[in-house]
Amino acid sequence: MKKIIFIMLFAALSWQQAVAQQFTDGTLWYNVYSGTTAVEVAAKNKAAIGTAIAIPEQVSYEGVDYTVASIGANAFQFDYLLTSVSIPNSIQSIGNGAFKLCYGLTSITIPNAVTSIGQGAFQGCSSLTAVTIPNSVTSIGPNAFYFCIGLTSVTIPDAVTSIGSDAFR
């Protein structure tokens with residue numbers, strides 16, 4: 001039993017150390033990982049009220065320029081006011097639950113650099129009506145667009161080699 005607790009504690013501490021720091025630009029929070037100049041969008045600043053978000057391609061913090069490379073897990077989850085998101089070409093992945101239950105989200109343009117869409121990334125975005133998945137995407141996670149009841153048009157390119165269960169249910 002002690003061995004299991006030690007392993008769980010070690011895993012938790014190891015994960016915590018992967019994020020070197022976190023900072024905000026006033027609208028979004030970013031995670032910086034050790035030894036890299038790439039960041040992920042971690043969350044929307046709760047004080048930043050608005051229906052449209054434009055994720056920048058680059059951000060600066062303490063004199064260092066960072067490339068915004070991914071949208072992290074649950075970054076915008078439950079943001080009911082969000083209606084549109086502008087995603088830059090620097091984004092390579094959309095994390096699990098990134099826009100989960102953003103009921104007001106009506107449009108999203110997924111840029112050509114994105115290679116994976118995580119589990120439940122847009123789950124419950126019931127106001128989404130159309131999605132075009134670019135040729136760069138090879139993987140769509142389980143439940144990625146689950147319960148997107150407003151979807152009437154989805155374009156999936158031949159490059160997609162993996163679609164998780166209930167991705168478009």
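Two strands count as paired if DSSP finds at least two bridges between them. Strands themselves are DSSP runs (E, at least two residues), numbered from the N terminus. This is a predicted model, in which local features need pLDDT of at least 70, side-chain atom pairs count only at pLDDT 80 or more, and totals for chains, interfaces and linings use all residues. Residues are numbered from 1 along each chain as its sequence is written, and side-chain values use heavy atoms, with hydrogens and water left out.

**Parallel sheet**
- Three strands make an open sheet in the order β4-β7-β9, with parallel pairing.
- β4 (52-54) and β9 (107-108) are the edge strands; each has a single partner strand, so one side of each lacks a neighbour in the sheet.
- Three bridges join β4 to β7 (residues 84-86) in the parallel sense.
- Ala 52 has Ser 84 in β7 as its bridge partner.

**Hairpin**
- β5 (residues 58-61) pairs with β6 (residues 64-71) in the antiparallel sense, over four bridges.
- Two residues lie between β5 and β6 in this hairpin.
- Glu 62, in the turn, has a positive phi of about 50 degrees.
- Tyr 61 stands opposite Val 64 in β6.

**Surface patch**
- Val 154, Ile 156, Ile 163 and Phe 168 form a nonpolar surface patch, with about 290 Å² of accessible area together (Shrake-Rupley method, 1.4 Å probe, only the protein chains shown count as cover).
- Nonpolar patch residues have over 30% relative accessible area and no salt bridge, and their side chains are joined within 5 Å. A salt bridge is a side-chain nitrogen of Lys or Arg within 4 Å of a carboxyl oxygen of Asp or Glu.
- Val 154 sits in strand β13 (residues 153-155).
- Val 154 is partly exposed, at 34% relative accessible area (buried is under 20%, exposed over 50%, partly exposed in between).

Terms used. Patches are made of residues with over 30% relative accessible area and no salt bridge: like charges are joined within 9 Å, nonpolar side chains (Val, Leu, Ile, Met, Phe, Trp, Tyr) within 5 Å. Buried means under 20% relative accessible area, exposed over 50%, partly exposed in between (1.4 Å probe, protein chains only).
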